Structures are given as C-alpha cells and as structure tokens.
Amino acid sequence: MRVAGDWLNAPNTTALLSALGSPADTVLFVGGCVRNAVLGHRVADIDLATPMVPEEVMQRARDAGLWAIPTGLAHGTVTIVAGNARFEVTTFRKDIETDGRRAVVAFSTDIRDDAQRRDFSMNAIYAEPDGTIVDPLDGRFDLFARYVRFVGDPIDRIVEDYLRILRFFRIIAWYADARHGIDPAGLAACGALREGIGQIARERVGAEMRKLLSAPDPRAALAAMAASGVLNAVVPGAKAEPAQAVVALEKRLGVAPSWLRRLTAMGCDDPAEALKLPRAQNEALQAGKKALAKAERPAARAFRYGAEAARTAILIEATQGIDPPDDWQAQIARGAAATFPISGHDLVDKIGAGPALGKRLDAMRNDWIASDFALTREALLSGR
Ligand code: ATP
Ligand code: MG
C-alpha cells in the first residue's frame, strides 16, 4: 500500500529526501502526515524518522546546502529547512526512563522500538519516500476503522506522559469514527489517571485543548472527557453540553467553527488561567464574554467588541433559547465596519480635557449606536 499527496512530491520534500540520501529505509515519513494522507485530511506538518543519529542528519542536510537546526538534540530531533518548508527529523528511539513529563531516550536502529514509543497505533505508521507504507505494529487497521488505541498498555503509557490523556481526546475529536465508540481501556485509563494532568505545563495542555476544540465536530470527544472527569481536571467547572450545543448550531447554520467560542460556551470561570492562554487568545476570549454579558443588538455588540466576539455571543445565546434577529449576520458585518465619527478633539474646546469629556463622548457614542450608526457627525455635535 502507498500513500500519495502534493506534500510528498513537493520540491521541498524532494530536496530533503535527496539530501538525507538512500537507501529508502534511511528516512521515513511518520505520524500525522501519514495518518492524514491515508484519511484524505490536509497534511500540515511533516515529521520523519530515521535510524541515523542526529549528527549524521545535520551533516547530510548541511552538505546538501539545507539549513539544519538542532531543535531537540537530546531527544533526537533536528529541524531541517528546505525552501519555505520545515521538517522535523527524529532518530529512531526508545524511551528508557520517564517521569510523566519528559523522557530519557536511547537511540535505536530498530523501527519497532521507535513505533513502540509512539502514542497511538494510528500515529505509528511510516511511509518510505515513494509513499510505500511501513507498518511495524499493524496500526493501519485501527486507522482504517478510525479507532484510537494506545500503543501498549494505556495505563503504562499515560503514566509515562500525562499529556497523552489530552492527545487521546484530541486525536479522537479529529479522526475517530463515533460509531465505533471510544476504546474502553484507553478511556478508563484516562479517567483513572486524570489528576496527573496537573503535572503538565498548562501551556501544553492549553495547546492540546485548542487543537481539540478546533476539530469540525468534537462532540463525542467532549462527552467522553466530561464523563471520565478529564474535562474538569483540565478546566475546572467546564461543562460539555453547552459546547456541544454550539457545535450543533454552527453546523446547522454553516458558521465556521471557533475553538474559543466552544471554550466560552463551556462556562467555566477562568479558562484562560487554567489553560495559560497566550495574551491575544485571552483577549479574544474576554471580548466574547463581554459581548455575551451585554444584551444589545448584534450590530451594537459587533461595534463594541468585534465581529467574532459578537458572533460568539449570539450563537451561545441562541443555544439558550434567545433567538437572534433574522439579519444578525448582516448586523454583525455592519457593526464591525462602523466607525464612530467623533473624537475627543471635537469636544475639548467646549468641555475641556478631563473626566467630563470622557463621559460626554461615551454618551454620544451610545446615542450613535442606538441610532444604528445613522447619526451624523454634525447631528451629534449640534446635540440633536
Ligand atoms: P498533527 O501534527 O497533525 O497535530 P501529529 O500526530 O503529527 O498530529 P505531533 O505532535 O506532530 O502530532 O507528533 C508527531 C508524532 O510523534 C505523533 O504522530 C506520534 O507518533 C508522536 N508523538 C507526539 N507526541 C507524543 C507523545 N506525547 N507520546 C508519544 N508519541 C508522541
Ligand atoms: Mg505532526
């Protein structure tokens, strides 16, 4: 069996492969790119595995004029840049000691060792440079069935690295076939060991949650996370049902999914803190919450907090039985594009700088919003 795809034949990929040389088993594609190619999903990043030690990988890349970065030498990972593409090339390895967060590794020349240290059977499938599948653990059958199964005993594998709990649900959200259900042994292990998530840096947990909630339909994964207690171990107070309702509504209306909207819907106090979200994401989250708290027309909320925040508020309200006006999408576009025609400069001569000016400006802005952005600058300044 062979995989194919533009990513495989792209000039940058070809340049990388010829730099690292032959024979065919010197370097193999692995993980997400192979999995996604088989499923017909988009291939975003390309990971490769090799029996060569990292120094040799770096040497060969540099000899061929490519840029090689020692990203994680201790774990055998080298990033190679070819054109505008980056490739992560990791030496076959065996994790010999782990503490739930990081591993002490030994390099190996045996692909089975490398496959066995990977998280799920569908992530342990390799492809040769021509696309020929190499599948030491027979993971392809789980992949065809879209069944997410830990490599080895789920409890052992989670105790080695608690991030795998989040990865389990993330991979399910994106790739599982809900009709086949969720692997009971994997799910039970995630539930039993959920407190271990506290050992993982919250940024890493947050990054996995972002990916999970960005899936087109994460409803089944969210339900399982909630039922197993994992959701609350990750984001205290979060509920799955309101997020599921938002997903259903997004689908029905054809609105593009938004992971922050789904997170907001889960209704916990401070998800940004629990997930240590980067500042821009936290700001977007707060804007959505403010828009939700302000019961105004969609256009007004879009003007005040931006289109995305307004959309989040309207959709979450709609799942709570507050129907939006028919033209809500047009209102949001209009509100987000509107520009208030007055600034402090227009008032400073009359009122003087100070708190009174700010108050007056706020009042004028509210009048203008209430007029559906119709009041002109002249009308506002003449006080009509
Ligand atoms: P995507 O890149 O599409 O998000 P991916 O499966 O490629 O998905 P990466 O984080 O890029 O995910 O990891 C690449 C591969 O490395 C995985 O497919 C898996 O084989 C392995 N891997 C990643 N993280 C872990 C982990 N915590 N434990 C074991 N193996 C892992
Ligand atoms: Mg990847």
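**Exercise 1. Is K276 buried, exposed or partly exposed, and what is its relative accessible area?**

Before the solution, a word on the ground rules. This is a predicted model, where local features need pLDDT of at least 70, side-chain atom pairs count only at pLDDT 80 or more, and totals for chains, interfaces and linings use all residues. Residues are numbered from 1 along each chain as its sequence is written, chains are lettered from A and ligands numbered from 1 in the order in which they are written, and side-chain values use heavy atoms, with hydrogens and water left out.

*Solution.* 
- Step 1: get the cut-offs. Buried means under 20% relative accessible area, exposed means over 50%, and partly exposed is in between (1.4 Å probe, protein chains only).
- Step 2: look up the value. K276 has a relative accessible area of 33%, so it's partly exposed.
- Step 3: K276 is in the loop between α15 (271–274) and α16 (279–293). Helices here are DSSP runs of H or I with at least four residues, strands are runs of E with at least two, and both are numbered from the N terminus.
- Step 4: check the backbone. The phi of K276 is positive, about 45 degrees, although K276 is not a glycine.

**Exercise 2. Now try F373: which loop holds it, and is it buried or exposed?**

*Solution.* 
- Step 1: find the loop. F373 lies between α21 (355–370) and α22 (377–381).
- Step 2: read its accessibility. The value is 15%, so F373 counts as buried.
- Step 3: look at phi. F373 is not a glycine, yet it has a positive phi of about 65 degrees.

**Exercise 3. Work out where ligand 1 sits and what surrounds it.**

*Solution.* 
- Step 1: find the site. Ligand 1 sits in the largest pocket. On a 1 Å grid over the protein atoms alone, a pocket is an open set of points with protein on both sides within 12 Å along at least five of seven lines. A molecule "sits in" one if more than half of its atoms lie within 2 Å of its grid points.
- Step 2: meet the neighbours. The ligand is surrounded by 14 residues, and the closest are R35, N123, D161, R164 and R170. A residue is near if one of its heavy atoms lies within 4 Å.
- Step 3: sort them by class. The shell has 11 charged residues, 3 polar ones and no nonpolar ones.
- Step 4: pick out side-chain contacts. Oxygen atoms of ligand 1 are 3.0 Å from an N or O atom in the side chain of D45, 3.0 Å from one in R118 and 3.1 Å from one in R167.
- Step 5: ask which elements contribute. Two or more shell residues come from each of α3 (32–39) and α8 (163–175). The largest share, 3 residues, belongs to α8.

**Exercise 4. Why is α3 largely enclosed by the rest of the structure?**

*Solution.* 
- Step 1: count. Of the 8 residues of α3, 6 are buried, so the helix is largely enclosed.
- Step 2: name them. The buried residues are C33, V34, R35, N36, A37 and L39.
- Step 3: see what follows. Next after α3 is G40, with a positive phi near 80 degrees.

**Exercise 5. Step back: how many helices and strands does the protein have?**

*Solution.* 
- Step 1: count the elements. There are 22 helices and 9 strands.
- Step 2: check the extent. Along the principal axes, the C-alpha atoms fill a box of roughly 80 × 50 × 35 Å.
- Step 3: check burial. Of 384 residues, 47% count as buried.

How values were computed: A polar contact is a pair of N or O atoms within 3.5 Å; within protein, one must be able to donate a hydrogen and the other to accept it, and residues adjacent in sequence count only if both atoms are side-chain atoms. On a 1 Å grid over the protein atoms alone, a cavity is a set of points where a 1.4 Å probe fits but cannot get out, and a pocket is an open set with protein on both sides within 12 Å along at least five of seven lines; lining residues have an atom within 4 Å of a point. Ala, Val, Leu, Ile, Met, Phe, Trp, Tyr, Cys and Pro count as nonpolar, Asp, Glu, Lys and Arg as charged, and the others, Gly among them, as polar.
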